[in-house]
Amino acid sequence: MNTNKYPEIKPGSKFIKKVYCFIMLLIVGRAIEAAAKTDKVVKKEVEGLPNDLCFYLGVMPSGPYMVVGKTKEGGMKYLGWNLVGKKINLRMNIRNIEAAIQVFTFQESTATAFAHDRFVVEGDLPTATAIVRILDIVEVYLLPKIITKLAVQRYPKWSEMSPFRKWTGRFIIYGRALGYGLVKDIITNIL
Amino acid sequence: MHIPDYYEFFNHLKIMSGKRVLESIPSELASYDAYKPLVIADKSITESGLVKKFITAFADTGMTLGGIYDEVRDYAGISLALNAEVIFRERGCDSIIALGSGPVVDVAKALNVLVSENSGTLQPYMDGAPIGKHLKPLIYVYACCSMGLEATGYLSIDNRVMKSDFLFPDVIMIDPRLAPGCCPPCAAESAVIALDHALGAGAGPEPSPMLDAYIHAALRFLAENMKKGVKKPGDKAASMALANASAMAAVAFYNSKPGMVHLLAVELARITGTSAGRFMRVLLPYRMAYMLSKKMKIRDELYLALAGFDAYSSTPEGERTRKGIEAVLDLLNTTKKALPQTMKELNVPRHQLKNAAEAASAASGKFFTAADCLSLLEHAWEGKAY
Amino acid sequence: MLLPSFYDFCCRVKTISGNKALEKIPVLLAGMNAKKPMIVTDKGVVAVGLIDVIKKAIGTKLKIGAIFDGAPIDSDYKVVNAAAKIYRQKGCDSIIAIGGGSAMDTAKGINILVSLGGDNLLDYEGAGAVKKKLNPLIAIPTTSGTGSEMTLVAVIADPERKVKMTFVSYFVLPDIALLDPRMTKTLPPALTTSTAMDAMTHAIEAYFCKEKNPVSDSHSLYAIKMISDNLLNVVKNPGDLKGRLALANASAMAGIAFSNSMVGLVHNMGHSTGAVCHVPHGVCMSIFLPYGLEYNLHRCADVIGEILFPLAGPEVYAATRKKDRAEKVIELIRKMNQDLYDATGGRHPRCLKEIMNRDGKQAVPQSILPAIAKATMMDGARLYNPEEILEYDSLMVLEHAYEGIPLDRSKIKKGGKKVAY
């Protein structure tokens with residue numbers, strides 16, 4: 001029989017979706033670093049994390065990634081998008097790019113994504129749980145209420161986070177995340 | 001609730017159902033250490049272009065599809081599997097994806113035995129040799145409709161059937177992009193098969209609680225979605241629910257003795273060349289009428305599944321059988337416009353009824369007597385009530 | 001029946017259930033080409049003579065390669081390594097695991113090691129490390145509760161690093177779960193109640209938590225029904241083999257349900273209390289169960305209301321108005337705990353302050369509640385609960401559970417109306 005009738009197929013790439021996820025991960029990564037300096041709840045969560053923590057959040061099987069590690073001073077530091085040469089001890093993967101798009105376009109909350117088995121976690125599960133909590137708070141700061149409500153289990157009540165705290169936090173975190181450090185991060189990562 | 005003195009239950013399937021399920025195929029394959037699947041597909045799927053959606057699911061994964069063998073139509077023959085084997089070996093594939101219904105999955109299962117056992121033929125296994133443990137990973141992607149046996153350990157090829165736990169597909173994927181049916185008859189037939197399998201399994205000897213769990217889910221989905229799903233086969237929500245019902249009914253069917261209607265329908269299908277689902281549609285009402293006339297009871301668990309919590313609770317115990325049978329007949333009536341209603345329309349020669357009855361009785365290991373089977377067929381043929 | 005926007009379900013364990021199920025072991029092993037099994041169990045199981053029951057049932061048809069009775073309460077990787085050595089020395093080719101959760105975990109760990117090679121389990125740490133079919137493993141539970149005969153996880157501790165490693169893979173699942181009432185007949189009443197309520201919690205939480213799916217749901221449904229029909233009877237008549245078989249079936253089905261749809265607040269609190277105070281898992285479950293329902297009521301009252309059907313039967317279900325059904329479920333669970341408390345002569349605790357340790361002292365003192373609340377933030381079950389759980393929420397629930405009083409509903413922070421499944 002003629003097997004050429006049934007050729008091998010090399011599937012293509014979803015470039016635009018990858019770029020979108022890449023940008024989101026970059027901003028979220030920078031924002032985690034900023035929030036760890038700004039927000040007292042995040043600060044407290046970070047204190048509870050192991051000191052040698054270096055984790056990535058990424059998309060299976062070939063990225064993009066964001067690597068974040070805990071600093072000696074007890075803060076968080078965005079370490080770029082390259083996995084090479086980093087001592088990563090917690091891997092949080094989203095199963096595929098489509099699932100990542102669901103999460104990053106807020107059609108599916110982080111918790112729902114966990115429930116739908118979109119995440120593959122390698123490493124210490126309690127730490128991963130704490131990181132999800134940090135991500136939730138960062139989302140509250142970064143995004144307007146109407147979107148965040150879709151992404152988190154419960155939007156903070158007044159008693160949990162006052163509008164004053166939210167708005168000052170929002171300005172500072174955006175300032176720190178998108179400021180001078182961003183350019184520096186991009187340059188150091190490319191070089 | 002009654003728990004049998006002894007029972008066995010087995011379901012190897014992983015069921016994945018819902019949005020963007022196809023995109024999980026690569027990570028599922030990777031969990032079996034498999035990276036190069038051969039796809040067996042229905043010709044109609046490649047012709048309709050659905051296969052493109054399927055291919056994009058593999059984007060960025062680094063996996064290569066070993067090929068898409070799409071010569072399967074509505075007959076599963078060993079020659080197809082042997083051809084596919086050539087491609088499988090030439091390309092160095094390590095896993096199989098079946099994209100379609102009935103015959104596609106049968107060819108995929110047969111191919112899996114051929115490439116895993118290196119036997120060159122299926123003959124020994126058809127004659128009863130056991131299949132060894134390590135078949136290749138097989139993913140079944142539900143498309144359009146179901147013939148009832150895909151999600152089981154049954155393999156039927158060239159009109160011979162074999163059964164083994166190892167023949168189960170490893171994963172069944174039900175994705176809203178592929179699940180909607182092509183036409184009302186197609187959707188109706190697969191719903192009727194699921195209904196018959198679930199009812200048959202529930203009426204068998206000593207059903208176990210695990211079996212009841214699958215039957216419950218299958219019948220609930222059918223009861224809630226059959227009407228809509230048959231009328232509008234393209235409806236996503238209904239077709240997803242019916243696809244789930246098919247998978248669960250198949251598991252239940254695998255774990256119980258085949259019922260009378262199934263056995264007769266399969267025999268008649270063999271004789272006439274018409275598909276078995278159509279015969280089930282015609283025979284099932286007569287089986288129900290027979291049960292009613294003999295004052296046989298429908299088990300509470302079955303009625304619960306057909307009616308739901310609320311209707312069940314408000315029905316007095318003595319009424320449950322009658323109401324249960326009515327519910328089944330109502331469901332069958334939803335297929336009125338889609339499927340033939342009488343044996344005459346299906347062109348069964350009268351003299352073949354006896355052969356079919358005897359063959360069905362033999363296939364059940366004399367669990368159903370030939371006389372009972374024949375009586376059911378004759379009633380159906382003449383269209384007379386019990 | 002609810003079809004969620006996405007779900008997956010898998011339970012590849014073959015279930016063998018029956019009053020004479022143990023006699024099938026030789027045939028079952030032969031079917032998997034195994035001839036020389038190693039029995040993995042713990043000292044408690046040996047002490048009540050269950051190994052002898054099995055030996056008698058197997059008879060002379062099968063040679064047992066080795067009996068390893070050293071499974072510790074918290075399974076330990078070094079024990080696994082040592083047992084794997086014995087397995088190899090004696091030339092075994094399969095495992096029969098007999099016991100509760102930890103014996104199962106140990107057996108699963110041994111199976112990974114002996115099937116994949118090597119002599120240190122730590123080499124296989126991390127998700128996705130187990131990608132091959134393992135050797136035959138038969139699991140025979142002796143408690144009707146943990147459901148670990150149906151789960152794809154092996155939790156094994158590394159005491160030096162103070163971490164619990166989880167080995168997750170479909171290949172870790174036992175090949176066969178064998179349910180025989182003779183194995184649970186000797187279980188004392190207090191353990192029967194706590195393990196059965198553990199199973200009840202699995203079934204109920206699986207029914208309303210976020211990863212709910214139709215196959216799990218119907219497993220839950222029958223599990224709840226079998227437990228509520230049989231538990232009190234079995235506590236009063238421990239020799240009731242029919243009831244024991246029903247509970248074993250219920251526990252297995254609840255195990256299937258929760259391992260596929262995950263669990264929420266009750267397990268979150270239960271794991272944390274267990275970890276901080278070393279209290280048996282099942283005891284915590286029965287105490288927290290009504291609180292788990294109350295806490296999530298505003299997010300899924302209709303779903304919780306459906307539980308009334310299997311729990312109380314059609315008459316009560318029909319007689320209760322739709323909007324009252326969820327409340328009725330909570331009421332009945334509280335009543336069930338009270339009934340079990342009475343039937344066991346007070347050995348089935350109703351609230352945290354009633355839990356006693358071996359020396360007769362309070363196992364969960366009030367002062368430790370904040371520490372437990374802190375621990376809940378680190379537990380994965382938090383993510384699958386319909387409502388958000390933060391540290392002060394946990395503390396609020398814990399304070400109520402300590403006293404055994406119903407939750408003050410005004411203190412629950414409501415994050416939304418309905419949960420999206």
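Predicted model: local features only at pLDDT ≥ 70, side-chain atom pairs only at ≥ 80, totals over all residues.
1. H9(C) itself covers residues 265–277, 13 residues in total. From first C-alpha to last, the helix reaches 18 Å. That is close to the 18 Å expected at 1.5 Å a residue.

2. Which residues of H9(C) are buried? They are C:Leu265, C:Val266, C:His267, C:Asn268, C:Met269, C:Gly270, C:His271, C:Ser272 and C:Thr273. Their packing partners in chain C are helix H6 (189–208), helix H10 (281–306), helix H14 (369–376) and helix H15 (391–403).

3. Two of these partners, H10(C) and H15(C), also meet each other. Their axes come within 10 Å and cross at roughly 135 degrees. The two helices are therefore oblique to each other. The crossing is right-handed.

4. In that contact, H10(C) supplies C:Ile287, C:Phe288, C:Tyr291 and C:Tyr295. H15(C) supplies C:Val397, C:His400 and C:Ala401. By class, six residues are nonpolar, one is polar and none is charged.

5. Now the contact between chains A and B. Chain B gives 22 residues and chain A gives 19. On the side of chain B, the elements with two or more residues are helix H3 (50–56), strand E4 (67–72) and helix H4 (78–91).

Notes
Residues numbered from 1 in each chain as written. Chains lettered and ligands numbered in written order. Contact = placed C-beta atoms within 7 Å. Helix = DSSP H or I, 4+ residues; strand = E, 2+ residues; numbered from the N terminus. Expected span 1.5 Å × (residues − 1). Buried ≥ 20, exposed ≤ 12 C-beta atoms within 10 Å, placed from the backbone. Axes fitted to C-alpha atoms, helices over the stretch in contact; angles between N-to-C directions. Parallel < 35°, antiparallel > 145°, perpendicular 65-115°, else oblique. Left-handed = near helix turned anticlockwise from the far one by under 90°. Nonpolar A, V, L, I, M, F, W, Y, C, P; charged D, E, K, R; others polar.
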